Amino acid sequence: MNQVTLNNKDYKKVAGLESLNMFKGQLYETIVTTQNGELVKNAAPIGVICKDSNHVVIHLDNCVHTHLNILENGELIVNITKNPLVFTISTLGELDDKYFDEFKGFPMIKDSIGFFKAHVVKTRDKKRENDYNDGIGNIVTCEVDDIYISDYKEIVPLNRAMNAVIESLIYYCRFDHKYSHMQKEIWIHMKELNRVCHKVGNESEKKSMELILAKMKETHDYLE
């Protein structure tokens, strides 16, 4: 299967993670999709470290469904996307079915620029002080099985608005852990990121920031 069509978009099979512009030692922000034994789909933003042309390393912390699915069935798809709403909604809650497609019976993200399916080859426990979730989790090494890239040469320049969304999501995930001692300062900074996003961002990026700040206020009623 050297070419597939998913959601009316053509993908071609390629060799090596370099084809996705993923290079050894670098960490990339991705959306990882998994499913459990009942075929319930899940998606979560996860940083993926490129170990070599055919292996990646993932640090699993407190992404409950994704964490359990990977440890239980050892399979995942890593999706390369720059859609801020996919990052935002999958961090704040669960993606609707409309965001998913399927590759070989496994969930993936629609309209991904590229993706690869992988399986776990090594897992070890980790414990680091002053880290998210008290540093408890797993370090998982995965071997890449299939790599596909869109035939459509999609160019999405990074801008300050998209960077603001990603930075705000990181603060959201770590607000009660790594940043518990400086929440006031972080919240002020997040509001400034929101201002920048509404000045230079598109509608999707603006909506993402609105969702993030609304969720923060919902779970931290002392924030103004």
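At the start of helix α2, the backbone nitrogen of Leu85 has a side-chain oxygen of Asn83 within 2.9 Å. The model described here is predicted, so local features are reported only at pLDDT of at least 70 and side-chain atom pairs only at pLDDT 80 or more, whereas totals for chains, interfaces and linings use all residues. Residues are numbered from 1 along each chain as its sequence is written, and side-chain values use heavy atoms, with hydrogens and water left out.

Helices and strands are DSSP runs numbered from the N terminus (helices: H or I, at least four residues; strands: E, at least two). The buried residues of α2 are Pro84, Leu85, Val86, Phe87, Thr88, Ser90, Thr91 and Leu92. These buried residues pack against β3, β4, β8, α3 (160–174) and α5, where contact means heavy atoms within 4.5 Å.

The packing of α2 with α3 has an angle of about 10°, and the two axes are 10 Å apart. Axes are lines fitted to C-alpha atoms, for helices over the stretch in contact, and angles run from 0 to 180 degrees between N-to-C directions. The angle therefore makes α2 roughly parallel to α3; angles under 35 degrees count as roughly parallel, over 145 as roughly antiparallel, 65 to 115 as roughly perpendicular and the rest as oblique. On the α2 side, Pro84, Phe87, Thr88, Thr91 and Leu92 take part, and they meet Met162, Val165, Ile166, Leu169, Tyr172 and Cys173 of α3. Sorted by class, the contact of α2 with α3 holds 9 nonpolar, 2 polar and no charged residues. In this classification Ala, Val, Leu, Ile, Met, Phe, Trp, Tyr, Cys and Pro are nonpolar, Asp, Glu, Lys and Arg are charged, and the others, Gly among them, are polar.

The contact involves Trp187, Met190, Lys191, Leu193, Asn194, Cys197 and His198 of α4, together with Glu205, Lys206, Met209, Glu210, Ile212, Leu213, Met216 and Lys217 of α5. By class, the contact of α4 with α5 comprises 8 nonpolar, 2 polar and 5 charged residues.

Two residues of α5 may be considered individually. Ile212, placed in helix α5, is buried at 0% relative accessibility. Leaving aside residues up to four places away in sequence, Ile212 touches Thr88, Leu92, Val165, Ser168, Leu169 and Met190. The C-alpha atoms of Ile212 and Lys126 are separated by 29 Å, with the two residues 86 apart along the chain. Lys217, also in helix α5, is partly exposed, with a relative accessible area of 42%. Residues up to four places away in sequence again not being counted, Lys217 touches Trp187 and Glu224. From C-alpha to C-alpha, Lys217 and Asn83 lie 24 Å apart, and 134 residues separate them in sequence.

Among the strands, β3 (residues 27–35) contains Thr34, which is buried, with a relative accessible area of 0%. The side chain of Thr34 makes a polar contact with the side chain of Asn69 at 2.9 Å. A polar contact is a pair of N or O atoms within 3.5 Å; within protein, one must be able to donate a hydrogen and the other to accept it, and residues adjacent in sequence count only if both atoms are side-chain atoms. Beyond four places in sequence, the residues touched by Thr34 include Val40, His65, Ile70, Leu76 and Phe106.

Several loop residues are exposed. Leu39, in the loop between β3 and β4 (41–52), has a positive phi of about 65° although it is not a glycine, and its relative accessible area of 57% makes Leu39 exposed. Lys104, in the loop between β7 (100–103) and β8 (106–109), is likewise not a glycine but has a positive phi of about 50°; Lys104 is exposed at 53% relative accessibility. Asp97 is located in the loop between α2 and β7 and is exposed at 56% relative accessibility. Asp97 and Met108, 11 residues apart in sequence, are 11 Å apart in space from C-alpha to C-alpha.

Terms used:
Buried < 20%, exposed > 50% of the residue type's maximum accessible area, 1.4 Å probe, protein only.
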